[in-house]
Number of protein chains: 2
Amino acid sequence: MNEDELVAAIAAVAGPSNARVRLGIGDDAAIWQPSRSHRSVITTDVLIEDVHFTRAWMSLHDIGVRAMAANLSDVAAMGGRPVLTTVAIGVPATITGDMLLECYRGLADTARSCGAAVVGGDLSRAPVLTISITVVGEVRPSNVKRRDGARPGDVLAVTGPLGASRAGLTHLRGEVVLEGAVADAALRAFRTPVARCDEGRFLGASRHVHAMMDCSDGLSTDLTRLVRASGAGARVEWVPAAEAASVAAAALGRSVDAFVLAGGEDFELLIAVAPRAFAHLSARFDARFGRPLLRLGVVEADERLVVVKQGVEEPLSPSGWDHFS
Amino acid sequence: MNEDELVAAIAAVAGPSNARVRLGIGDDAAIWQPSRSHRSVITTDVLIEDVHFTRAWMSLHDIGVRAMAANLSDVAAMGGRPVLTTVAIGVPATITGDMLLECYRGLADTARSCGAAVVGGDLSRAPVLTISITVVGEVRPSNVKRRDGARPGDVLAVTGPLGASRAGLTHLRGEVVLEGAVADAALRAFRTPVARCDEGRFLGASRHVHAMMDCSDGLSTDLTRLVRASGAGARVEWVPAAEAASVAAAALGRSVDAFVLAGGEDFELLIAVAPRAFAHLSARFDARFGRPLLRLGVVEADERLVVVKQGVEEPLSPSGWDHFS
């Protein structure tokens, strides 16, 4: 079983939901209805030392920043506003109380930057540093964005260029040596990514955005999930690479696709937008955030996924992160 | 730093909460206000193989049951009704997909038994089985029970006898050999504990219950937390031991206190009740659940904690579970 198959089997075991739950397993976050006119969203991640991060590569503070950003991003991807978060940490004996508080500082400051408070959690001994975060957010019923709403003809776009985080990882692994501002940008993207909270709420408020999710597992994998959930396909015409990804790819003599399509952890938002509304939405986005939406391609009615390279269509298969493949 | 000191330092790092949060770090669960007339509660636990459980001692199904019961219990202890849950699991290579689904079955069935649905989660590789659960519940604003509301003169009581779970653990460790129905009861208490969801809602609905929490870390530790949070002390006159605890203690030639005061994981609810209302509340509880409330002692105005043994007062100090002492 790969990860998506396992998730499907788990959803079957979890069984039917109750009346308060509006969206269960399978999207960036689940949605429930605390009262008739309110919707809450909830998302959980677990990050494990030497699986998701290595202590040699970043400070405990930055490990906290990165872990929290990943969860805030899932709430943003639903069109929601993060409200509160709980943090359960498993602590190995090599981490002192002061080091743990450094990690919490990163977690709490990052949560606060998106308006969320750390309200509880749990502490335990563990063989390796284990950080499990849950974020709860709020969203107006009319602003909820799921991944299954894309329609044939919709424009596919992202909120920023991709691949910088993977470039940072490649640099830290010693596979490539980046320098100066490019190295700084790559390391910043990897160590202290920023969840697109304001962007998510802005896009959530547009009825022309039919589907949204975050790019956390690599564009090829995330895009596949979005269009499959929507019963559609996609034609990708351009993939916007971050400068650090282009530089790293050139230095390695490899295609930038490995960074952009398979990279992940960029936390830009991936959207499907009504085609006639795209130019206007992108202009409004630019006016608000100082950068346009980046057009990747279009949603297609038939379920195949292709990427156009030098005018030739190639099949696009999910090459991003899968813990169980 | 011990665990309580670390939690206090973390609460300071977490900083101020936002207006929606009514109760932050430090109780069984946090409380927030999704809309004016609603309150939601949220609690998180992380359970780690060979820290909280050992696979040799129980099936993956039962590991799931136990992990979920612990979290449902925290919602029950606030007077709340569990609504939904998310589960993040770190999976070592020795656990197959089918084994993982067995664990999910235990998690999901237990959640459903208290009315909660599994709505999301996360999967990752991990060096040991790591289960992180968040449960969200609902509670009427008037029914919220915190641990800091106990008043001098209040009767302290629990919803059932204590120590059976620790007796089961002692048996599994081979320190004592229990037999027959006693062994069954001890193993059931340890492997498949039951969260007191209905009891928590019943007690939450009584205005005479001034404080409530669950007995998850051992009565001495939990009682200390409750009365300290309330700015009070306690005089414990009787500790109700489960039969399995008494049998195991006798076989070991030890006091049953090690099971009851230090044991933990029984998930009975600990309450402080207005003294004039106790007899009536206990009778109503008995009529509903088929067993009375068990009176432990009284809340005292001065902040010392004592336990009376053969007519002699002894200081009661927290001897329960502390990951960081």
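In the predicted model, A:Gln310 counts as exposed, because 5 C-beta neighbours fall inside 10 Å and the limit for an exposed residue is 12 or fewer. This residue is placed in the loop that links β12 (305-309) and β13 (312-315) of chain A. Most residues other than glycine have a negative phi. In chain B, B:Gln310 occupies the loop between β12 (305-309) and β13 (312-315), and its phi is likewise near 45 degrees, again positive in a residue other than glycine. B:Gln310 is exposed, since 5 other C-beta atoms lie within 10 Å.

Chain A as a whole comprises 10 helices and 13 strands. With a radius of gyration of 19 Å, close to the 20 Å given by the globule rule for 325 residues, chain A is as compact as a globular protein of that length. Along the principal axes, the C-alpha atoms of chain A fill a box of roughly 55 × 55 × 45 Å. Buried residues make up 59% of the 325 residues of chain A. Among contacts in chain A with a separation of 6 or more, 80% come from residues 24 or more positions apart.

Within chain A, helix α2 (residues 60-76) packs against helix α3 (residues 97-113) at an angle of about 35 degrees, the axes being 7 Å apart. The crossing of α2(A) past α3(A) is right-handed. Residues of α2(A) that make the contact include A:Leu60, A:Ile63, A:Val65 and A:Met68, while those of α3(A) include A:Met99, A:Cys103, A:Tyr104 and A:Leu107. By class, the residues of this contact divide into 11 nonpolar, four polar and three charged.

The largest nonpolar core has 222 residues, and those with the most contacts inside it are A:Ala244, A:Ala245, B:Ala244 and B:Ala245. Nonpolar side chains tend to be buried together in soluble globular proteins. Leaving aside residues up to four places away in sequence, A:Ala244 touches A:Ala164, A:Ala167, A:Leu178, A:Val182, A:Ala185, A:Ala186 and A:Ala189. In chain B, helix α8 (residues 243-252) has B:Ala244, B:Ala245, B:Val247, B:Ala248 and B:Ala249 as its buried residues. The elements covering these buried residues include α4 (164-172), α5 (180-191) and α9 (257-260) of chain B. Just after α8(B), B:Gly253 adopts a positive phi of about 70 degrees.

The two chains meet through 61 residues of chain B, which are in contact with 60 residues of chain A. On the side of chain B that touches chain A, at least two residues each are supplied by α1 (3-14), β2 (30-32), β3 (39-48), β4 (81-91), α3 (97-113), β5 (117-125) and β6 (130-139) of chain B. The most is given by β5(B), with nine residues. The residues of this side of chain B divide into 32 nonpolar, 21 polar and eight charged.

The loop between β4 and α3 of chain B holds B:Pro92. B:Pro92 counts as partly exposed, because it has 13 C-beta neighbours inside 10 Å. Apart from residues up to four places away in sequence, B:Pro92 touches B:Ala126, B:Pro127, B:Val128 and B:Leu129. B:Pro92 and B:Leu270 are separated by 178 residues in sequence and by 36 Å in space, C-alpha to C-alpha.

Note on methods: Residues are numbered from 1 along each chain as its sequence is written. Chains are lettered from A and ligands numbered from 1 in the order in which they are written. Two residues are in contact if their C-beta atoms, placed from the backbone, lie within 7 Å. Helices (H or I, at least four residues) and strands (E, at least two) are DSSP runs, numbered from the N terminus. Ala, Val, Leu, Ile, Met, Phe, Trp, Tyr, Cys and Pro count as nonpolar, Asp, Glu, Lys and Arg as charged, and the others, Gly among them, as polar. A residue is buried if 20 or more other C-beta atoms lie within 10 Å of its own, exposed if 12 or fewer, and partly exposed in between; C-beta atoms are placed from the backbone. Axes are lines fitted to C-alpha atoms, for helices over the stretch in contact, and angles run from 0 to 180 degrees between N-to-C directions. A crossing is left-handed if the near helix is turned anticlockwise from the far one by less than a right angle, and right-handed if clockwise. The radius of gyration is taken over C-alpha atoms; the globule rule is 2.2 Å times the number of residues to the power 0.38. A nonpolar core is a set of buried Ala, Val, Leu, Ile, Met, Phe, Trp, Tyr and Cys residues joined through C-beta atoms within 7 Å.
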